[in-house]
Amino acid sequence: MAALVLALALTGCGLPFRENGNWEFLNPIGGEMPGTGTADESGAAADEYSAAVSQANQEARVLTWQSLLGTRDQEAEESEDLYTDPLAWEYCFQYLDEPGQQWYRDIQRILAGMGQEQELSPECLEAGLTEEDIDRIFCYVLADHPEYFYVDGYRYTKYSRMDKLIKITFSGSYTYDRQECEARWTQIQDAAEALLAQAPDGADDYEKARYVYETLIRNTDYVLDAPDSQNLYSVLVNGASVCQGYAKATQYLLNHLGVPCVLVQGQVEPGEGHAWNLLCLDGEYYYMDTTWGDASYRQVESDPLQGEGIPQVNYDYLCVSTSQLLRTHVPGQDVPLPECTATKDNYYVREGCLFSACEEEALRKAFERAISEGRQEISLKCTEEEVYLELLDHLVEQKEVFSYLGPDCSTLHYARNEKQLSITFWFS
């Protein structure tokens, strides 16, 4: 019997959670989702979301975030798992067949317990899984579970007899020892609880998403060489991170506010690897990119009418549709993603700042609302380029923006995003 040991780190080829590159998964599994359906004889419910359609119009049904909690709580109690979050939305898990789900649970159990060299369920080999499936399933586990902040790779050993693969053992690669990991986990939980306690009472899903978006942006700086930048510790504790840290902290906080949220990886112009989130608000899917919402990350073209500076929060990436996202982002092909078509919880729609025509009365109401709420900035978005150019001419070239702000305005700046057809004014 021959044994071959392979070790992989998160910075290696084909693995997720690095700043550059995206996932390349082997043999993505489509078709009818396993595990969906009505309650079984024991009374376990399986509430379902509406059909989620992938980029290739592949139909698949996904279980709700709530439907997984009971069994996963029980699984956690039966293991030495200190870290698995029962509120994590296991979106990727649902896109695996039964053998894949078994290996998902095997890998999850090993990572959650910081385990070493444990055998993956051998019956899954008989069912057709191979070593090539390990990377894909490992990536799914980490995409669903931001709380495994201490995992930076894995290694596995395969055992063969007469060229037949008969056994695979798996172990995680960890950035900290157990003592350091427990100390950091306490810091993460304390920081998260402090932020969650400040979430607005009685908020709907959109308001929760906006709270997390604004809060993380205002408390985090985009720093390329930030320590622990690939995990949520960098954001929640250190306040400095890169896209992966932003996305994982967003995912963790929203799941704890009852909003299903998962990490998505892909590319942004010009071919740069990037991470953002898919979330479900009141049964409808949207994308959210907290990193690009932070002005410290992406410099927007700025033409100050007076003075300098840009607002800290850019709302172009708060609850957007697929068509809006694809103006600047290209999702990876790792797991089927829904076609996000809803608009009712898009930031500009909810705030009354989306314009299909340059109408003075609608503009006046938008500015009055912002001023009455004590805000010193307002972002406007147009549905068409023609409307956007007309709005720019009206507000900037003709300087009609001053008529909406009134005589008390002492300073005024603006920034525009031509790809998103938006313009932001900030004033005092």
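I take a contact to mean heavy atoms within 4.5 Å. Axes are lines fitted to C-alpha atoms, for helices over the stretch in contact, and angles run from 0 to 180 degrees between N-to-C directions. Helices (H or I, at least four residues) and strands (E, at least two) are DSSP runs, numbered from the N terminus.

Entry 1, the model. This is a predicted model, in which local features need pLDDT of at least 70, side-chain atom pairs count only at pLDDT 80 or more, and totals for chains, interfaces and linings use all residues. Residues are numbered from 1 along each chain as its sequence is written, and side-chain values use heavy atoms, with hydrogens and water left out.

I found 13 helices and 16 strands in the protein chain. Of its 428 residues, 55% are buried (under 20% relative accessible area, 1.4 Å probe, protein chains only). Among contacts with a separation of 6 or more, 67% join residues 24 or more positions apart.

I looked up an open sheet of four strands, with the order 13-14-16-15 and mixed pairing; two strands pair if DSSP finds at least two bridges between them. Strand 13 (354-355) and strand 15 (412-417) are its edge strands, each pairing on one side only. Strand 13 runs parallel to strand 14 (residues 377-382), joined by two bridges. Leu 354 has Lys 381 of strand 14 as its bridge partner.

Helix 12 (residues 385-397) lies across strand 13, strand 14, strand 15 and strand 16, at about 25° to strand 16. Helix 11 (residues 360-372) lies across strand 13, strand 14 and strand 16 (422-427), and runs at about 150° to strand 14.

I checked strand 10 (residues 272-281) and found nine of its ten residues buried. Eight bridges pair strand 10 with strand 9 (residues 261-268) in the antiparallel sense, with Val 262 opposite Leu 278. Three residues lie between these strands, and Gly 271 in this hairpin takes a positive phi near 80°. Strand 10 also pairs antiparallel with strand 11 (residues 284-288), over five bridges, and Leu 281 stands opposite Glu 284. That hairpin has two residues between the strands, with Asp 282 at a positive phi near 50°.

Note on methods:
Buried means under 20% relative accessible area, exposed over 50%, partly exposed in between (1.4 Å probe, protein chains only).
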